[in-house]
Amino acid sequence: MNGLIAVFRRELAAYFETPLAWVFLVVFSLAAPSFAWRVGGLFETGRADLAPLFDYMPWLLLVLMPALAMRAWAEERDRGTLETLLSAPIPLWASALGKFLAAWAVAGVAIALTFPMWIAINYLGEPDNAATATAYLGAFLLAGGYLALGQAVSASTSNQVIAFVLGAAACFLVTVAGLPFVIDALSGALPGAAAEAIAELSALARFESLRRGVLSLRDTVYFLTLIGFGLGVAMTLIDARRGG
C-alpha cells in the first residue's frame, strides 16, 4: 500500500509540475460549458437539467482522457526511468494503479469544475438532483474507462503522440460500438449473436443509462471491468518488457 501511495503522489505531483494538468483543466472547464451552452442550447431547452452537458461529455472525454493518460508509461520509457521504477520495491500493480488513480483524480477535478453549472440550474429551476448526481458518477466512471485504455496504449510505446492518437482511437471504437451504423455494418458481416455481443461492449450505451439517472449494478460493473481490463493490459505489456 505504501508503494501505491508513493506512486500516486509522484504522478499527481508530476501532472501539476508541468503545464499538462493546468492546460487540461483550463481546456476542459472552457470546452464543457461551451458545448452545453453553444451547441446543446442549455438555456434554450426550457428544462432545468444538465442534459446538454452530458450529451457531449463522452465525446469530450474520449479526446481529453487519452491526452491525460498518454504520459503514464510512454514518458517513463522515453526518459529511461522505467527500469528504475521497475527495480524499486514496488509491485507492478501498485505502479499501474497509482498512475491510474493520479490521472483519475485530475479528471475528477476537471469534471467537478462543471459544478457551477449544476448550481446555476438549481437557481433557475428544480432539477432532479439525484439524476444529475448519477450522470456525474457516469461521467467519472466513463473517464476512468478511457484513462485505463489510454494507459494500456501508453504502455505499448515510448512516443506520447502515438500513445495519444492510438488511445483516442481505442476510446472511439469502444464508444461507437453500439451505435446503429456500427451494428448495421456488423450485422452484414458477422452472425447476429456476435454483432450483439460487440454492441454490448459500447461504453456510450452504458453511459446513456447513467446519464438518464438510472444507476444499475450492470453498468457500474461494466465500467469497473473496462478499467480492470485496461490496467491488466498495461501491466502485461510492461511486465513483458521487464521480462525481455
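Predicted model: local features only at pLDDT ≥ 70, side-chain atom pairs only at ≥ 80, totals over all residues.
**Arg 10 and Glu 11**

I started with Arg 10, which is partly exposed at a relative accessible area of 38% (buried is under 20%, exposed over 50%, partly exposed in between, with a 1.4 Å probe and protein chains only). Its partner is Glu 11: the two side chains meet in a salt bridge, 2.8 Å from N to O (a side-chain nitrogen of Lys or Arg within 4 Å of a carboxyl oxygen of Asp or Glu).

Residues are numbered from 1 along each chain as its sequence is written, and side-chain values use heavy atoms, leaving out hydrogens and water.

How many salt bridges does the rule give? I get 10. Next I looked up Glu 76 and Lys 99, whose side chains meet in a salt bridge at 2.9 Å, N to O. Glu 76 sits in helix H4 (residues 71-79) and Lys 99 in helix H6, so this pair ties together parts 23 residues apart in sequence (helices are DSSP runs of H or I, at least four residues, and strands runs of E, at least two, numbered from the N terminus). Both Glu 76 and Lys 99 are buried.

Which residues join up in a network of salt bridges? I listed Arg 10, Glu 11, Arg 71, Glu 75, Glu 76, Arg 79 and Lys 99.

Then Arg 206 with Asp 219: they form a salt bridge, with the closest N and O atoms 3.4 Å apart. Arg 206 is in helix H12 (residues 203-211) and Asp 219 in helix H13 (residues 217-243), so the pair ties together parts 13 residues apart in sequence. Arg 206 is buried at 12% relative accessible area, and Asp 219 is buried at 5%.

**H1 against H6**

I checked the packing of helix H1 (residues 2-17) on helix H6 (residues 92-112): the angle is about 40° and the axes are 8 Å apart. That makes H1 oblique to H6 (under 35 degrees is roughly parallel, over 145 roughly antiparallel, 65 to 115 roughly perpendicular, the rest oblique).

**Surface patch**

Last, I found Trp 59, Phe 172 and Leu 173 in a nonpolar surface patch, about 310 Å² of accessible area together (Shrake-Rupley, 1.4 Å probe, only the protein chains shown counting as cover for residues). Patch residues have over 30% relative accessible area and no salt bridge; like charges are joined within 9 Å, nonpolar side chains (Val, Leu, Ile, Met, Phe, Trp, Tyr) within 5 Å. Trp 59 is found in helix H3 (residues 51-69) and is partly exposed at 34% relative accessible area.

Definitions and conventions
Axes fitted to C-alpha atoms, helices over the stretch in contact; angles between N-to-C directions.
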